[in-house]
There are 2 protein chains.
Amino acid sequence: MGKDKKLVEAITSMAVDFPQWYTDVVKKAELIDYSSVRGCMIIKPYGYGIWELLQKQLDQRFKDTGHENVYMPMFIPESLLQKEKDHVEGFAPEVAWVTHGGDEKLNERLCVRPTSETLFCEHYANDIESYRDLPKLYNQWCSVVRWEKTTRPFLRSLEFLWQEGHTAHASEEEAQEETLRMLNVYADFCEEVLAIPMIKGQKTESEKFAGAKATYTIESLMHDGKALQSGTSHNFGDGFAKAFGIQFTDKDNKLKYVHQTSWGVSTRLLGAIIMVHGDDNGLVLPPAIAPTQVAIIPIAQHKEGVLDKANEIKALLSQNIRVKLDDSDKSSGWKFSEQEMKGIPVRVELGPKDIEKNQGVIVRRDNREKIFVSLDDIETKVQEVLEAVQKGLLEKAKAHKDENTFVATNMEEFEKIITTTPGFIKAMWCGDEACEETIKEKTKATARCIPFEQEKISDTCICCGKPADQMVYFARAY
Amino acid sequence: MGKDKKLVEAITSMAVDFPQWYTDVVKKAELIDYSSVRGCMIIKPYGYGIWELLQKQLDQRFKDTGHENVYMPMFIPESLLQKEKDHVEGFAPEVAWVTHGGDEKLNERLCVRPTSETLFCEHYANDIESYRDLPKLYNQWCSVVRWEKTTRPFLRSLEFLWQEGHTAHASEEEAQEETLRMLNVYADFCEEVLAIPMIKGQKTESEKFAGAKATYTIESLMHDGKALQSGTSHNFGDGFAKAFGIQFTDKDNKLKYVHQTSWGVSTRLLGAIIMVHGDDNGLVLPPAIAPTQVAIIPIAQHKEGVLDKANEIKALLSQNIRVKLDDSDKSSGWKFSEQEMKGIPVRVELGPKDIEKNQGVIVRRDNREKIFVSLDDIETKVQEVLEAVQKGLLEKAKAHKDENTFVATNMEEFEKIITTTPGFIKAMWCGDEACEETIKEKTKATARCIPFEQEKISDTCICCGKPADQMVYFARAY
């Protein structure tokens, strides 16, 4: 029992210290490890397994919407990065610079890509000639580097894994359609696969991407009431096209600039999964991205027939489910703790008495419900329970978001909410950056987005009292 | 006809200028493009599609042999790179150095990984405590950077995509088993999927990996008679373990060093596919890694019923085959050239007269054989032809390798062969590095490997005449 206790005790409670709870889960669930490289993480097999499942399913959605994968160089020459003015201002302060190749000093510094707009633009300028070459619907899976001062696993690190879509279109309308299409692909994916509900909306001017005409975002609410920007989709208009000279001959034989978009999500989504679904026993994974969906844990496995039966059930379930049988020599209490810590959605307990009765015990990770089931029906029942967990997690997350979404009509209310019950705050905003800035200074809450689904809360800006016709979601954010 | 001619004429013949033919194919088949980043390539959708299929199938073989994927940082601090003496000597001259993060000069330079042994070792030193933690069977898919002076797409570039396996074991025997297991996984994969026969063997001391106890290799023969090192697997013994302090408590309660291996293949394999199977009409892809396996090309598609039938056949074939229907407004001659250039293994021609007779014409890319087939049987027949192409390509490549593998018993023979009919040369070697060096200087041929399948050609070294009991494969190599 000593060992079991150690594992359980090792986690700080969410209520006591949320950031520490997060760090504990990330380490104890064996998602990542640290290395001697400041701000970079090692993604361990279990963490990478989640990323692979996420990547596979998201990639399929990209392909289903006509996108193709490519690979661009990881280096960007300084002169290329500088071609689009806003873009270089946004990124230059936070890039890693390569100055030497072997012993030789380079004539021109290269930065390690913080994002690849400039490389895609250069390629498009070479590759696009006619309207027949459009649209270009490219995506890239890679790692990028941003020289952050403070870092946290998955949420903010010097290097992280992501995908970046980059598209070029013949018209403004098409580019706008694509921008919103991909935002919807992200939002649907997050709901259907990660079981995380998203607020969709547009970023304010001050929060938009460096070089974009408009940035759209999906925002989710973590367990501690802070928001997480979970994915963005940008409409570049023809700004980059003009800076890089990306032109095509249209059907009317006129030379025109393309309209572009880009969109990305990253390993940050793993941070969202942890902070939306996790609890004081560790990680809780939605079955759709759980590397192991079911852990079979034999009880008194030394007794005759137990392991045989467990292996039989494993073989049966393995046909359509990702199953592991824990037949190690640890105690079953220890195995339960481990399965819970790793967030395996369902465990099947199987002991000598169960086998005598031709039954198994299914235990849900999310709510610890125990279900006794005949071994004849176990495959169907486990499948049903997995679906119920996937659905249940989304409902729970939706309820949490709804319960922690508030309305404020004046700054007093706003400040009271943010200090007592942090969450999303819906409030009216006049559109003035000064008000956005004032709210941020006073409350540390930022404008997360101007949601597509608008409500008329009042007629006036929560900050300055002038007429306002936009409702904004505010929150403190990661 | 003008457009068609242009496409065909654009390729240099192999016989006239093999390197130019290679560059032409790589560009015209739309595998890659160049960028302003010296020595780095853009892998375009068609090239990346091949890599994705290769990756997927190889990854499955890694998982089937118990390996797990992880992700390590892309940066290595200079002090970490220096921990293993031979390793740093081998790699330091060809790494890219990051010296600045944003505006700030770093206290310690970071190199962009040329390979990740040092990072895995550091992690293993932290993570391994007991024999229960062994073996560690990790793999990583990523890009690496080596500061090469001269570069060629896929064959040698500053940055390339690869996988690197890194494993740690409790015993010397286990590490050796793993080293050879993975070499066999590579060789089988290359034969069964890429249709490329491999010579398996050990590298000589002078050709082995920096820091390894022994390096094993798979070597293939290109169409021009030059060899290509296609994959390597290294046994590190306990050298890295001692340098990094990777110890574990064994069952006998004693503290021991682990034994390690690493193994890798890269986008270089795409170069092998091009140079083994390609011909004067362009790329020829084995069906197993062809992004499009079948191109349906309608003839006189403006005629009633042709496109309808073509779409019907497409839907039928798409169930189990990667099919594209080219219904663009290009001429069918142009479409044929394009399908051949891109190496699509099979095309199905479908014209009004064929449809009248309820038939289609299957044309093999590899030997241009035409097969008339009833549309009732087309799915089965296309499947059969794809299998025949896959098999045929391997047989052809085997025949080419056998025909271009020679025996030399003295240096005169050796030099004559290498200048008139380049290929593999089997010759005896005494084991002295001086002889290896002399042969290289005189003939530009290097010892590719000491093959597992030995033959006794003579009793004496081809170079010095002293007693020799090892047969070596020599060749000029990429």
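Ground rules. Residues are numbered from 1 along each chain as its sequence is written, and chains are lettered from A and ligands numbered from 1 in the order in which they are written. Because the model is predicted, local features need pLDDT of at least 70 and side-chain atom pairs count only at pLDDT 80 or more, while totals for chains, interfaces and linings use all residues; side-chain values use heavy atoms, with hydrogens and water left out.

Start with the sheet. Five strands of chain A form an open, mixed sheet, ordered β16-β15-β17-β18-β19. Strands are DSSP runs of E, at least two residues; helices are runs of H or I, at least four, all numbered from the N terminus. Pairing takes at least two DSSP bridges between two strands. The edges are β16 (323-325) and β19 (370-374) of chain A. In the sheet, β17 (346-350) and β18 (359-364) of chain A run antiparallel, joined by four bridges. A:V346 stands opposite A:R364 of β18(A).

Now the helices. α10(A) packs on the sheet and touches β15, β16 and β17 of chain A. α13(A) also packs on the sheet, touching β15, β17, β18 and β19 of chain A. Contact means heavy atoms within 4.5 Å.

How do α10(A) and α13(A) meet, and at what angle? α10 (306-317) and α13 (378-403) of chain A pack at about 60°, axes 10 Å apart. Axes are fitted to C-alpha atoms, for helices over the stretch in contact; angles run from 0 to 180 degrees between N-to-C directions. α10(A) and α13(A) are therefore oblique: not under 35 degrees (roughly parallel), over 145 (roughly antiparallel) or 65 to 115 (roughly perpendicular). The contact involves A:I313, A:L316 and A:L317 of α10(A), with A:I378, A:E379 and A:V382 of α13(A).
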